[in-house]
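Hi,

Here is the structure I promised to pass on.

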Amino acid sequence: MSVSNLWVIAEPSGTGITSTSKELISEARRLGASVTAVSWGPHAASVAADVGAYGAQRLLHLGDLGAVLPGSVVAATLATLLNNESPEAVLIPASNDGRDIAGRLSAMLDAPVLTNVTGLRAGASLETEHPIFGGRQTVVARFRANGPGLIVVRAKSFVAEASSDGVAHIEDVSPTPSSTRAAMIRATHVEEHSGPALEDASVVVSGGRGLGDAASYEMVQELARLLHGAPGASRAIVDAGWVPYSHQVGQTGKTVKPDLYIACGISGATQHMVGMKGSSVIVAINKDPDAPIFSISDFGVVGDVHTVLPALIAALKLRS
Amino acid sequence: MNVVVCVKQIPDPAAPQSLDSEHRLDRSGKLILDEADTYGVEVALQLVEARGEGEVSLVSMGDATDVTGIRSALAMGALRATVVSDPLLRGADALTTAKVLAAAISREMPDLILCATESSDGYTGTLPVQLAQLLDWPALTFATSVVVEGDTVVVHRQTEDGFDEVGAQLPVVVTVTAGVVEPRYATFKGIMAAKSRPVNVVGIADLALDIAALDPRQDIVAVETAATKSAGEKYVDDGEGAARIVAFLEQIKIVSGGAS
Ligand SMILES: Cc1cc2nc3c(=O)[nH]c(=O)nc-3n(C[C@H](O)[C@H](O)[C@H](O)COP(=O)(O)OP(=O)(O)OC[C@H]3O[C@@H](n4cnc5c(N)ncnc54)[C@H](O)[C@@H]3O)c2cc1C
Ligand SMILES: Cc1cc2nc3c(=O)[nH]c(=O)nc-3n(C[C@H](O)[C@H](O)[C@H](O)COP(=O)(O)OP(=O)(O)OC[C@H]3O[C@@H](n4cnc5c(N)ncnc54)[C@H](O)[C@@H]3O)c2cc1C
């Protein structure tokens, strides 16, 4: 059997869709399925161009949902639509809104969810890959009964690849009112930052508890700036309040796959490594020669961040 | 205001983990309270303290042979716990777990349910919203702060690049991220008090749940050993560490060579 019909939640971002949504549409197309994207927001036409470029033939668009948190209403609408159509699966980005939609829809349809998926296989049936224990093992799973099953996929699991300049055919769908009292967004706060976004940067320099104190994170920022990259962090220093959560790399933070990842004073806990082990080249600076981060590093320096980083910054400044 | 916190006992994440012969997480060793849940307990206690009325109780599903982990949450200040434990629930998936917790919580009718955004063992991160839908309640997810103003809950909901302020009317399910508050340490008095607080262990029959509806709907086909990356060069810094990194970055063409 090959996969014939997949739906993908294409989460709006700006006037288009998020990069994870593009990755999922690309992969659904590569699996040979006819792809239906489901999206919402004020920009139907540019979203149709975006989902079409990555391989969706059809866009079911719910229109502008205003200030309501999208989870309930998108799930309720999908539940209505899925009464009449039965794709093998619905692929959902593992974002905050994506996870809200998956949980709601699962309970509405009484359908199972497979989550933390990083790979798909079209065998006798559609199979999902789940890394466990920090990626040491991969669990392969599938739904017991016919679909639609819900599959929540982690960011950066697939390559986003525009395949055509086709625009998806838009079908306007009126949102099914959800019976649940709505959760409303009252205000949005965006942190200012300069330089490339963490998840898109080609170089990421991350700091961990080994930096010793919050002020030393400036070295990480400076090194990132010199390499035209973005600064990242382990959860230990996010929890300690040194840097905002938006910097966190790992299982409960962002997944990054830069050309170069430099880990400064990070031990290499499994939950950190799942978020960065896909980087092309990994460099680690840690004073403990047995730190687990060295086991996945291409180049390691056993040393103190307080001597190595200032020297590295000085050397790079001489060149720029 | 009555708050239920969903808490879970899990194998110690710091200990080596493995799957059993049925591809399930080996839970045969000692179980501890999931650290992720201590934040929910702390937030619940603070909200009830701020209100000046109400109580915090716990609901859990899992093996109840040893409830030391549950007692450690009681020692923080929760007043009682319900643990649903039944051999038929071994290997339950997230939706099944949500159905069981919904049935257990329906008997309490709280104003607010707190969960962690994801557990530390299964970390599907789907259960709280499934639970909200089964109860037909709103869910405010990924909260980094929670306040109750009258009958409305307002949270700061984490986003990719900051946070949104999101509100909904009680009753509500809220999921809190780790690290949002400093969970209190149990005092000696708390630990002593926890010993006599009720831990009510119930089975599926007590909750009048349909067993057929609890069957997991997914199978593990295989467990494979993932390809591992092998470690590269490693230098002990002798004063040349930074220069070696620069040379390496030149080699991989991240910085251009010789421009000094
Ligand atoms: C459910 C769950 C989810 C999690 N999600 C994430 C996640 O998304 N991301 C994440 O990062 N973590 C996550 N964690 C936490 C993770 O388990 C680790 O606790 C965390 O990654 C450790 O951060 P760290 O490496 O900065 O600190 P530590 O583990 O304390 O390591 C500090 C390192 O710095 C080194 N060091 C100390 N001083 C110096 C010095 N002067 N110079 C050089 N090196 C020095 C030490 O040798 C040590 O290796 C999660 C945990 C759980 C249970
Ligand atoms: C490696 C691994 C992968 C898995 N993958 C899947 C999968 O893809 N799909 C699937 O359906 N199941 C999966 N499971 C099973 C799933 O973990 C269990 O069904 C579990 O009972 C509920 O999910 P969770 O812990 O992942 O919940 P999460 O949604 O991560 O938990 C969030 C919060 O809900 C509350 N909560 C969760 N479970 C309980 C409980 N038993 N008692 C009280 N409160 C609770 C806690 O507050 C918890 O912090 C997996 C299990 C493992 C070990």
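**Around the ligand**

Three helices of chain A, namely H6 (235–239), H7 (270–273) and H8 (305–319), each put at least two residues into the shell around ligand 1. Keep in mind that this is a predicted model.

As for where the ligand sits, ligand 1 is between chains A and B. Its shell counts 26 residues, and the closest are A:Ser234, A:Val249, A:Thr252, A:Ser267 and A:Gln271. Sorted by class, that shell has 16 polar residues, five nonpolar and five charged.

- The side chain of A:Thr252 has an N or O atom 2.7 Å from a nitrogen atom of ligand 1.
- A polar backbone atom of A:Val305 is 2.9 Å from a nitrogen atom of ligand 1.
- For A:Lys287, a polar backbone atom is 3.1 Å from a nitrogen atom of ligand 1.

How much of ligand 1 does the protein cover? On its own the ligand has 980 Å² of accessible area, and the protein covers 82% of that.

**The second largest pocket**

I also looked at the second largest pocket, with a volume of about 480 Å³. It is lined by 23 residues, and those closest to its centre are A:Thr118, A:Pro131, A:Lys257, A:Val274 and A:Lys277. The lining of this pocket splits into ten polar, eight nonpolar and five charged residues.

That's what I have so far.

Cheers

Conventions
Residues are numbered from 1 along each chain as its sequence is written. Chains are lettered from A and ligands numbered from 1 in the order in which they are written. This is a predicted model: local features need pLDDT of at least 70, side-chain atom pairs count only at pLDDT 80 or more; totals for chains, interfaces and linings use all residues. Side-chain values use heavy atoms; hydrogens and water are left out. A residue is near a molecule or strand if one of its heavy atoms lies within 4 Å of it. A polar contact is a pair of N or O atoms within 3.5 Å; within protein, one must be able to donate a hydrogen and the other to accept it, and residues adjacent in sequence count only if both atoms are side-chain atoms. Accessible areas come from the Shrake-Rupley method with a 1.4 Å probe; for residues, only the protein chains shown count as cover. Helices (H or I, at least four residues) and strands (E, at least two) are DSSP runs, numbered from the N terminus. Ala, Val, Leu, Ile, Met, Phe, Trp, Tyr, Cys and Pro count as nonpolar, Asp, Glu, Lys and Arg as charged, and the others, Gly among them, as polar. On a 1 Å grid over the protein atoms alone, a cavity is a set of points where a 1.4 Å probe fits but cannot get out, and a pocket is an open set with protein on both sides within 12 Å along at least five of seven lines; lining residues have an atom within 4 Å of a point. Grid points are joined across faces, edges and corners, and a volume is the space filled by probe spheres set on the points.
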